Amino acid sequence: MEVGFLGLGIMGKAMATNLLRHGFKVTVWNRTLSKCEELVQHGASIGETPATVVKKCKYTIAMLSDPSAALSVVFDKDGVLDHINGKGYVDMSTVDADTSSKISEAIKAKGGYFLEAPVSGSKKPAEDGQLVILAAGDKALYDEALPAFDILGKKSFFLGDVGNGAKMKLVVNMIMGSMMNAFSEGLTLAERSGLNPATLLDVLDLGAISNGMFKLKGPTMLQNSYSPAFPLKHQQKDMRLALALGDENAVSMPIAAAANEAFKKARSLGLGDLDFSAVHETYKAPDRSS
């Protein structure tokens with residue numbers, strides 16, 4: 001089966017490469033077409049526009065940076081809608097539920113099938129095929145896409161109606177962003193109070209709050225190394241969207257709001273393209289406002 005793939009950023013490149021390595025025929029598109037060349041070496045074909053990719057493939061996967069990019073690829077000239085009749089579209093980008101619903105309605109109105117399927121996981125899980133896929137929408141398309149999902153992830157969930165996948169992903173990333181801020185505060189407090197933060201990592205790893213994120217990110221944070229697995233600017237975008245979801249549902253979210261402010265401060269310090277763990281730098285640095 002030939003599958004389309006739109007968006008070859010950190011995540012999209014790893015995911016499309018995995019599909020190619022497991023025998024899928026993949027036609028790729030990226031706004032910067034030069035990013036497609038490396039995938040050609042793995043056997044991919046290049047589509048000049050999203051419309052070209054959709055026309056060629058039975059279903060097309062998208063992994064795009066934000067709601068604006070997700071909408072642009074669908075609605076702009078030479079976009080997904082041009083040839084979606086009878087085809088499937090699987091949007092694995094992290095967007096808000098309203099964006100997902102808008103895309104779904106437009107695709108169904110043109111005779112296509114839509115599935116949202118955002119993922120939990122960053123660069124390394126994407127490379128290793130260990131993502132968690134949070135799908136919602138057309139169940140028949142979900143069943144059709146399962147062979148691809150089984151390559152891309154370790155577990156897939158079907159969550160019902162369009163919007164539920166987007167909401168679940170925002171809740172997960174809101175928790176993750178809040179945890180990263182608490183973790184950064186703890187590392188800084190340990191160091192400032194005369195403790196060895198590396199020893200703190202060992203203690204945390206042996207206790208009830210041991211988790212993969214602390215284990216993976218802690219050592220690199222102590223080395224001031226923030227190679228982007230999940231860019232901080234995207235984490236802040238997800239915090240903002242999660243807070244908006246909280247507003248819609250009258251949920252007080254003071255911890256997430258404080259975490260969002262820390263990520264915004266990190267962006268103002270020029271850290272947006274680094275890994276989201278670079279928020280640690282905002283706790284280490286003296287307060288620039290004083």
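User: Is Q236 buried or exposed?

Analyst: This is a predicted model, where local features need pLDDT of at least 70, side-chain atom pairs count only at pLDDT 80 or more, and totals for chains, interfaces and linings use all residues. Residues are numbered from 1 along each chain as its sequence is written, and side-chain values use heavy atoms, with hydrogens and water left out. Buried means under 20% relative accessible area, exposed over 50%, and partly exposed in between (1.4 Å probe, protein chains only). Q236 has a relative accessible area of 5%, so Q236 is buried.

User: Which residues is Q236 in contact with, leaving aside its neighbours within four places in sequence?

Analyst: Q236 sits in helix α11, residues 232-248. Helices are DSSP runs of H or I with at least four residues, strands are runs of E with at least two, and both are numbered from the N terminus. Contact means heavy atoms within 4.5 Å. With neighbours within four places set aside, the partners of Q236 are N260, F263, K264 and R267.

User: Where is K169 found, and which residues does K169 touch?

Analyst: K169 belongs to helix α8, residues 164-192. Its relative accessibility is 6%, so K169 counts as buried. Not counting residues up to four places away in sequence, K169 touches T94, P118, V119, S120 and L134.

User: How far apart do the end C-alpha atoms of residues 2-160 lie?

Analyst: UniProt, in an unreviewed entry, annotates residues 2-160 as "domain: 6-phosphogluconate dehydrogenase NADP-binding". The span is 41% helix and 25% strand. Its end C-alpha atoms are separated by 26 Å.

User: What radius of gyration does the protein have?

Analyst: The radius is taken over C-alpha atoms, and the globule rule is 2.2 Å times the number of residues to the power 0.38. For 290 residues, a compact globule would come out near 19 Å, which agrees with the protein's value. That value is 20 Å.

User: How many helices and strands does the protein have, and what share of its residues count as buried?

Analyst: The secondary structure comes to 13 helices and 9 strands. The C-alpha trace spans about 65 × 45 × 35 Å along its principal axes. Of the 290 residues, the buried share is 50%.

Methods
UniProt positions renumbered as here; feature names shortened; annotations may be inferred.
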